[in-house]
Structures are given as C-alpha cells and as structure tokens.
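Okay, everyone, thanks for coming.

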Amino acid sequence: MTKQVDLDRQPLTHWDGPLGLPDFSRIDDGDFGPVFDAALAAHQADIDAIAGNPEAPTIENTFVAMELSGDPLDRVSSIFWCKAGANTNDRIQTMEREIAPKMSRHYSAISMNEKLFARIDDLHARRASLGLDAETLRLVEKSWKGFVKSGAKLDAAGKARLAAINEELSSLGTTFGQNLLADEKEWVMFLGEDDLAGLPEFLTGAMAGAAESRGRKGEYAVTLSRSIYEPFTTFSERRDLREKAFMAFINRGGMGGATDNGAVVASMLALRSEKAKLLGYGSYAALKLDDTMAKTPGAVFELLEPVWEKAREKAAADEAQLQGLASEAGSNEKLAAWDWRFYQERLRARKYAFDEAELKPYLQLDQVIAACFDVATRLFGVTFAEKQDIAAWHPDVRVFEVLNADGSRRGLFLADYFARPSKRSGAWMSSLQSGYRLGEGSSPIIYNIMNFAKPPAGEPALLSLDEAKTLFHEFGHALHGLLTEAYWPSQSGTSVSRDFVELPSQLYEHWLTVPAVLEKFARHYRTGEAMPHALLDKMLAASTLDAGFRTVEFTSSALVDMAYHSQQDAPADPKEFEAETLARLGMPETIVMRHRTPQFGHVFAGDGYSAGYYSYMWSEVLDADAFSAFEETGDPFNPEIATKLKKHIYAAGGSADPEVLYTAFRGKMPTPDAMMAKRGLS
Ligand SMILES: [Zn+2]
C-alpha cells in the first residue's frame with residue numbers, strides 16, 4: 001500500500017513557508033518517493049486530458065494547458081534536485097538513482113504521446129494562419145521540433161528503443177556524478193606543520209578546517225576541492241606534494257575499482273551515437289547543435305581552431321619562460337604539469353611584484369556580494385534586501401528579497417556559499433520557481449551555489465580573484481532568471497540555447513574589475529583601506545599572464561568533447577580516444593585538459609554540455625563584444641546601453657532566436673576580436 005499523498009497540503013508541493021518559499025523545516029526526505037509518484041501521476045492526468053480533449057486543438061487548449069501543467073511535479077523536482085546537489089545524504093543519493101530514470105520515462109512518454117503530438121502537429125501546420133505573436137509562434141515551432149527530436153515521428157519499435165536509451169543515459173549520468181563525488185570525498189592528504197612551505201595563511205586556515213572536519217584537529221588537509229587544490233599547487237614549494245595532489249586531481253573518476261568512470265563513458269558515447277542515428281542525424285553533435293546559435297559542429301571547429309593555435313603558441317612561449325625560472329631556482333628537472341601554477345605564480349610575483357594572496361584581504365565575500373548587488377542596481381534598477389532567520393535547505397543559505405526600482409517585489413534570491421561534504425563541487429545557478437506572465441503569473445525564486453572554503457568562526461571569508469569572478473558569473477545567471485519578462489514558462493530566464501546561456505553570466509564578470517567597483521568594494525578586511533591603485537593596475541595587467549595555459553586547458557576540453565560527439569560511430573575506448581585526439585591536436589605535454597574524460601561532469605554527469613562545452617567560449621566571444629558596447633561609450637554603466645541590455649538579453653529569456661536578440665541589443669553580430677584581445681591572445 002502506498003501512502004495517500006495530498007499534493008495541496010504536502011510541504012514539498014504546497015509552499016506555505018515565509019515569502020512563498022517551501023517550509024523547509026517541515027520537509028521530510030522520506031516523503032520524496034511518494035510525493036514524486038503522486039506528482040508524476042497528476043502531471044500524467046493533465047497531459048491525458050489535453051491529449052484526449054474532444055475539441056479541435058487551439059493554442060489555449062493545447063499550448064496554454066501544457067505550459068501550465070505539472071506544477072506539483074515542478075515543485076517537488078526543484079526541491080529534490082536542489083538538495084541532491086547542495087545538501088545530499090545517503091537516502092537522497094539512493095532516491096536519485098530511482099527518480100532519475102522515472103523522470104526520464106515520464107518525459108519520454110509525454111514526448112511520444114501520439115494524440116498529443118497530433119494536436120501540436122496540426123497547430124504547427126496551421127501556424128501561419130493563426131495570427132500568432134512572435135513569442136507564441138516560436139513556442140509552437142520549438143515544441144514541434146522538440147517532439148520530432150524526441151522521436152514523435154518514429155515507429156513503435158523506434159520509440160521503444162529511444163525511450164530505453166534515454167533512460168539508460170540518465171541513469172549512467174547519475175552514476176558518473178556519484179563516482180566522481182566518491183573519489184573527491186575519498187582522497188585526502190594530511191600534512192603537518194613541516195609540510196607547509198610557501199603556503200599563504202588563507203590556505204593553511206582552510207586546510208586546518210578541512211582536517212578538523214575529518215576528525216584530525218591540528219593537522220592540515222589537502223582535498224580535491226578546487227578551492228584548496230588550486231592554491232595548494234600554486235603556492236606549495238614542495239614539488240613532491242604538488243605532484244601527489246596533481247595526480248590525484250587529474251585521476252578523479254579514473255582510478256580503477258568500483259568508482260571508475262571509464263566503462264560508464266564508453267556506454268554513454270555508444271548510446272548517444274545510436275540515438276543520433278535513430279533520429280536521422282549524422283552524429284550526436286549534429287543532433288545537439290541543431291537548435292543552438294552555432295547550429296553545426298563545423299561552425300564550432302571554425303571558432304575553436306584559430307583560438308587553439310594562438311593559445312598553443314602563447315603557452316609554448318610561456319613554458320620556456322617558466323623553465324627558465326625553474327632553472328634559476330636551482331631545479332634541474334624538466335618543467336612538469338604540476339609546476340605550471342607554481343612557476344606562473346612566481347613569474348607573476350616577479351613581473352608584477354605581488355602574489356595572488358595579496359589580493360585576498362581585499363576581497364571579502366560579503367563585500368563581493370555587495371558589489372554584485374550594487375552593479376545590478378546601477379545597471380538594471382533592482383535592489384536586494386536580506387531576510388534574516390528564514391530556513392532553507394541548510395543553515396548556511398542566505399535569503400534576499402529582490403525589489404524593482406518602484407519598490408514592488410520582483411522575486412527571491414537564495415545563496416549558499418560554503419563548501420561542505422554534502423555538496424557537490426563546482427558553482428551553479430538554478431531555480432526553485434521560474435518567473436513568467438502566463439495565467440496568474442509567477443515570480444522567480446533563484447539560487448546560487450558556491451564552494452568557498454568556510455573560514456573559522458569570527459573570521460571573514462576571503463576570496464581569490466577567480467572565486468570572486470565565479471561569484472559574479474553565477475550571479476549573472478541569477479539575474480537572467482530574476483529579470484525575466486517572459487510570457488511563456490518554457491521561455492523564462494535561462495531557457496535559451498547552451499551557447500547563449502553563458503552570455504549573461506560571463507558578461508557580468510566584467511563589472512568585477514571595473515575600477516569604480518573595486519575602489520568601492522575591494523577593501524582590506526582589517527584596515528578598511530581600498531585596494532591600492534598600484535596593486536589594482538598590476539592585477540589588471542597580470543590578468544592575462546596565464547592566458548596561454550588557461551586557453552589551452554579550456555580549449556582542449558572543448559575540442560575533445562566535440563571530437564567525441566562528432567564521430568559517426570562512438571569510440572570503443574574513450575581513454576585511448578582522448579589520448580589520440582590530444583596527440584593529433586598537438587596538446588602541450590605539460591598542460592592537462594581542464595576536465596579529463598573521467599571527471600568531465602559537464603559532458604557526462606548529465607546531458608547539459610555534451611557537444612556543448614565550446615559554448616563557454618562562444619559566449620565569451622559574445623560577452624567580450626557586448627562589454628565593448630559599454631567601453632566604446634567610456635561609461636561602464638551607460639544607461640542607454642544598460643536599458644537595451646536588460647530588454648534584449650537579461651529580460652528576454654528564450655522569447656526569440658539568440659541571433660535576433662543579440663543584434664537587437666548590439667546593432668550587429670559579434671566578432672571574436674574583443675575575445676582574443678581580452679584573453680591577451682591577439
Ligand atoms: Zn555559467
């Protein structure tokens with residue numbers, strides 16, 4: 001007997017907490033299973049009613065009804081995936097393995113519902129004569145194409161096979177992510193006082209905290225969290241320890257045994273390739289890119305190849321310089337991959353006479369948050385008011401009310417900044433509720449997750465420049481969700497193509513280093529003094545110092561991703577394929593991909609960025625070009641440009657084709673010149 005679930009009363013689906021949030025204090029993890037079942041059944045009933053409607057299809061009885069269906073399922077899903085990412089436990093992990101394939105089955109069944117598709121097909125065929133506005137026309141066309149790509153035109157056997165493939169892919173994606181998390185949690189290197197040569201105070205503090213949380217008070221732990229691993233390999237004078245940490249980091253997910261992702265990846269590639277063939281595409285990349293701004297794998301290679309060549313040239317020149325530094329420091333060894341960050345930091349220190357750690361005291365977490373908010377106020381007129389004592393999924397979560405210029409409420413912003421073992425690594429934005437105007441309308445509830453090292457009680461959290469950029473980046477995504485004016489729910493906020501979705505986030509990073517912003521917010525945490533001009537200028541000059549390294553790290557990952565997915569037949573041995581591809585590309589021996597295959601979560605922990613990792617760079621072309629629009633006027637807050645930016649990019653969501661939106665904002669399509677210049681590669 002399953003327990004009766006009343007979706008109108010259940011706290012997972014009926015949100016009666018403060019400010020319209022779920023009442024997290026009443027949420028019991030044991031309820032997810034039965035509530036999911038009830039919500040899935042309710043959504044299915046909605047869909048059946050739409051599909052079985054005896055009246056002729058209309059926009060109202062088909063599209064409006066579909067867009068408004070499944071509200072309880074959206075609610076329970078958004079809470080579940082939020083907890084699965086940001087505050088998981090064994091119980092939730094077990095349920096993830098059950099729920100992921102169930103959801104996949106559910107949505108496959110909808111997209112293969114023949115009666116439903118017949119209605120959409122009919123409306124699609126008559127679309128030109130229905131007098132539709134542009135947004136609705138786009139909705140009809142995109143939905144129709146989505147159904148076709150989901151197999152609506154396949155025969156019964158084809159449909160069954162496609163459903164099985166999707167289900168298996170979704171469950172393999174979950175396994176991939178869990179294997180990676182297991183390896184990241186498992187590996188730790190405990191150090192004593194004698195092993196800390198070169199390490200700055202902020203890092204030893206974080207390492208002491210990490211050791212203490214693992215029951216080894218008084219020691220120092222190197223973990224595989226990027227916020228410890230990266231500074232450790234940047235500053236540690238102990239080459240042997242850098243090598244150990246480096247090897248562990250690049251082998252995550254590929255260490256053999258039960259958590260090895262090798263076979264998982266091979267199966268996923270084979271299934272993706274089969275799926276593409278079934279749907280009539282030449283490769284999985286061709287299938288994935290069909291509705292992006294880039295549109296074809298060829299266009300992606302065209303963008304990446306010149307960047308790759310420039311980046312390799314720059315990295316080769318940099319490597320020679322770093323080798324010189326190493327010899328000077330008395331090392332006879334050939335520069336290795338675990339030496340790059342270390343000597344780059346030395347070079348930075350010499351050339352610009354400061355080290356990265358000098359910046360940290362000026363980058364307090366709270367001040368960087370305040371800077372993010374202030375920029376949003378100056379550009380877009382929205383303000384943020386923190387609400388105290390509101391329970392969310394973890395006590396560290398902070399809740400902010402977002403207000404329009406006239407004081408009316410726009411939505412909520414929740415932020416969860418610190419790393420903990422129950423959170424997966426990385427930084428991301430997502431929503432508990434999206435904003436749209438259809439029906440009674442809905443105001444957005446958006447959140448950001450970060451993984452900054454938590455300081456000891458009473459100490460302020462200090463960020464590296466990279467971490468501060470990440471915070472601006474995710475906040476840019478949050479604004480895309482918060483500023484939305486979309487009419488249709490499925491066109492809300494970040495519901496845009498992969499190679500466009502990073503524009504609002506990467507563009508927002510530019511304002512972190514606007515001098516007026518730094519002068520106001522980058523203040524020393526002890527003395528309150530502004531970051532000295534000399535340090536600021538050096539920092540800006542130094543920001544392109546590692547462009548060769550960073551671009552090679554990134555572009556190699558993007559090229560390998562595209563190589564995997566643009567094959568007609570999937571490679572049987574991904575490890576070999578990765579090595580061959582890198583050799584063919586001329587990958588520098590001393591640099592490793594930013595994400596090696598067994599830890600490439602963007603591409604394998606789900607389907608989000610498969611054949612899509614390039615899109616960060618595609619968006620970088622857009623963001624550099626977009627920021628130039630402000631620079632050309634000499635005012636980084638130019639109100640006229642800001643108004644256009646809000647209207648055509650941040651508020652527009654997926655209401656029009658990205659090319660159309662971008663051109664409306666900028667007056668023309670972008671060129672890669674500003675991106676190359678920004679990276680120091682021109
Ligand atoms: Zn992003």
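**A walk through the model**

Let's start with Leu19, which sits in the segment before helix 1. One thing to keep in mind throughout: this is a predicted model. Leu19 has a positive phi, about 60°, although it isn't a glycine. With 25% relative accessibility, Leu19 counts as partly exposed.

There's another one like that further along. Ala611 is in the loop between helix 24 and helix 25, the latter being residues 615-631. Its phi is near 55°, again positive in a residue other than glycine. Buried or partly exposed, this one? Ala611 comes out at 2% relative accessibility, so Ala611 counts as buried.

Now helix 2, residues 59-68. Helix 2 is mostly covered, with seven of its ten residues buried. Those are Ile59, Asn61, Thr62, Phe63, Val64, Met66 and Glu67. And what do they pack against? The buried residues of helix 2 go up against helix 1 (32-51), helix 5 (114-125) and helix 6 (134-149). Just after helix 2 you'll find Gly70, with a positive phi of about 75°.

On to helix pairs. Helix 9 (residues 226-235) and helix 10 (residues 239-250) pack at about 140°, axes 9 Å apart, and the crossing is left-handed. On the helix 9 side you've got Arg226, Tyr229, Phe232 and Thr233, and they meet Leu241, Arg242, Ala245, Phe246 and Phe249 in helix 10. By class, that contact splits into six nonpolar, one polar and two charged residues.

The other pair I picked is helix 13 (residues 297-328) with helix 22 (residues 547-566). Their axes come within 8 Å and cross at roughly 145°. Helix 13 passes helix 22 in a left-handed crossing too. The contact includes Phe301, Leu304 and Trp308 from helix 13, and Phe549, Leu559 and Met562 from helix 22. In total, this contact of helix 13 with helix 22 has 14 nonpolar, five polar and three charged residues.

Okay, the metal. Which residues hold the zinc ion? His473 and His477, each through NE2, and Glu502 through OE, at 2.1 Å. The donor spacing in sequence reads H-x3-H-x24-E. His477 is in helix 17 (residues 465-482), while Glu502 is in the loop between helix 18 (498-501) and helix 19 (503-509), so that pair ties together parts 25 residues apart in sequence. His477 and Glu502 are both buried.

Last topic, aromatics. With ring centres within 6.5 Å as the cut-off, the count comes to 38 aromatic pairs. Take Tyr508 and Trp511: centres 6.0 Å apart, planes at 50°, so that's a tilted pair. Tyr508 is buried, and Trp511 is as well. Compare Tyr564 and Phe604, with centres 6.1 Å apart and planes at 80°, so this pair is edge-to-face. It also links distant parts of the chain: Tyr564 is in helix 22 and Phe604 in helix 24 (residues 601-604), 40 residues apart. Tyr564 and Phe604 are both buried.

Note on methods
Residues are numbered from 1 along each chain as its sequence is written. This is a predicted model: local features need pLDDT of at least 70, side-chain atom pairs count only at pLDDT 80 or more; totals for chains, interfaces and linings use all residues. Side-chain values use heavy atoms; hydrogens and water are left out. Donors are N, O and S atoms within 2.8 Å of the metal (3.2 Å for Na, K and Ca); water is not among the atoms, so sites may look incomplete. Helices (H or I, at least four residues) and strands (E, at least two) are DSSP runs, numbered from the N terminus. Buried means under 20% relative accessible area, exposed over 50%, partly exposed in between (1.4 Å probe, protein chains only). Axes are lines fitted to C-alpha atoms, for helices over the stretch in contact, and angles run from 0 to 180 degrees between N-to-C directions. A crossing is left-handed if the near helix is turned anticlockwise from the far one by less than a right angle, and right-handed if clockwise. Contact means heavy atoms within 4.5 Å. Ala, Val, Leu, Ile, Met, Phe, Trp, Tyr, Cys and Pro count as nonpolar, Asp, Glu, Lys and Arg as charged, and the others, Gly among them, as polar. Rings of Phe, Tyr and Trp (its six-membered ring) pair if their centres lie within 6.5 Å; planes under 30 degrees apart count as stacked, over 60 as edge-to-face and the rest as tilted.
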